[in-house]
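Hi,

Here is the structure I promised to pass on.

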Amino acid sequence: MNNKKILTGITTTGTPHLGNYVGAIRPAIASSKEKEHDSFFFLADYHALIKSKDRDALRQSCLEIAATWIASGLDINQTYFYRQSDIPEILELNWILNNFTAKGLMNRAHAYKSAVDDNEKADPDKGITMGLFSYPILMAADILMFKATHVPVGQDQVQHIEMTRDIAQRFNHHYGEIFEIPEGVIDKESSVLPGLDGRKMSKSYGNIIPLFCDSKTLRKYVMKIKTNSLEPGDPKSTEDCLLFDIFKSFASDSQISSMKKDLEGGMSWGDAKNQLYELLDEQLSNYRLRYDELMSDPSYLDEALKEGAERARVVAKSNLIEIKSAIGLGPLS
Ligand code: TRP
């Protein structure tokens, strides 16, 4: 086991899109190929339960996300790839951490506060479950369970990493240096892919391009990317150009400079969209085949996740013994 441990969770709600791929999946897989650290990637399916009570949607999303990671090139033998709900030790730790978490800290969590703000003044608790309220504690358990040192997350999760550090420090202050204090690794601006309308690509904005749809559907989405009203023949700038920004995330340096030259030379938006479509289709088509194969063979995914969970549990069990014994819950003899 390396000293450096990278861990990140993906909440299993929704279908993976191009933004997830460029912002999270592709860089995570690239970094997992480096040998000097261990990588833990997991499906945060208990976190999904907070947002969704739709059994079929939850299962479908789990399937799609697992297939996406493996189809995109994740080496499941070189990483720990597992389902949160397959590691019961995380929930044991969750309870322990509840006792080191100030209620006031949870009162300040953004997701909880915005749910309260959305409510009528009459009943601020309306629709708020204890799951939502204590969501950051479960996330702390995910991270501290494996003594992760680096946690790649989006900007919206930074507060949760701070809370994890706070919880770990309280525990360590009381019982000694048991937990690693993890660092958040925040997506750089460059890795945030814009969606069809120019805002960050996100399911909640309804502006996504799905990652593994068929060619025809992909083309349809690319044609919807917002452009300005410049005519064919008009020189087009690549500054603040949505289509160019998406193109850049997939193209080689020489493809990027020739696209820039063509746009400045008056290429039509239609032709530029065609080029983007062809680039995406070519890059994704190999993965798409594998994705379709995996989607039609869920038992392979089950096996892969089970095997990942078995290896992860070895680590979790051994850490939990250390944690329990620090508290005074170890063997009596
Ligand atoms: N809450 C994270 C999100 O919605 C997902 C997540 C759960 C996570 N547990 C985690 C991310 C642990 C990093 C580490 O994006």
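**The cores**

The largest nonpolar core holds 56 residues, and those with the most contacts inside it are Leu18, Trp69, Phe81, Ile225, Met259 and Leu276. Helix α13 supplies the largest share, ten residues. There is also a second, separate core of 46 residues, with Met106, Tyr135, Ala140 and Leu144 among them. As a rule, nonpolar side chains in soluble globular proteins tend to be buried together.

Before you read too much into any of this, bear in mind that the model is predicted.

Start with Phe81. Not counting residues up to four places away in sequence, Phe81 touches Phe41, Leu43, Ala66, Trp69, Ile70, Leu74, Ile76, Ala304, Leu305, Gly308 and Ala309.

Then try Ile25, which sits in helix α1. Is Ile25 buried or exposed? Its relative accessibility is 4%, under the 20% cut-off, so Ile25 counts as buried. Leaving aside neighbours within four places in sequence, Ile25 is in contact with Asn20, Thr68, Trp69 and Ser72. For a sense of distance, Ile25 and Trp269 are 244 residues apart in sequence and 29 Å apart in space, C-alpha to C-alpha.

Last, Asn319, in helix α14. Asn319 has 10% relative accessibility and therefore also counts as buried.

**The whole chain**

Zooming out, the protein has 14 helices and five strands. Its C-alpha atoms fill a box of roughly 80 × 50 × 35 Å along the principal axes. The radius of gyration is 22 Å, which agrees with the value near 20 Å that a compact globule of 333 residues would have. Of the 333 residues, 47% count as buried.

Among contacts between residues at least 6 apart in sequence, 78% join residues at least 24 apart. The accessible surface comes to about 17000 Å², and 50% of that belongs to carbon and sulfur atoms. As for charge, there are 39 positive and 47 negative side chains, and the centres of the two sets lie 2 Å apart.

Over to you!

Conventions: Residues numbered from 1 in each chain as written. Predicted model: local features only at pLDDT ≥ 70, side-chain atom pairs only at ≥ 80, totals over all residues. Heavy atoms only, no water. Helix = DSSP H or I, 4+ residues; strand = E, 2+ residues; numbered from the N terminus. Rg over C-alpha atoms; globule rule 2.2 N^0.38 Å. Buried < 20%, exposed > 50% of the residue type's maximum accessible area, 1.4 Å probe, protein only. Contact = heavy atoms within 4.5 Å. Areas by Shrake-Rupley, 256 points an atom, 1.4 Å probe, with all protein chains shown as cover. Lys, Arg positive; Asp, Glu negative; His and termini not counted. Charge placed at Lys NZ, Arg CZ, Asp CG, Glu CD. Core = buried A, V, L, I, M, F, W, Y, C linked by side-chain atoms within 4.5 Å.
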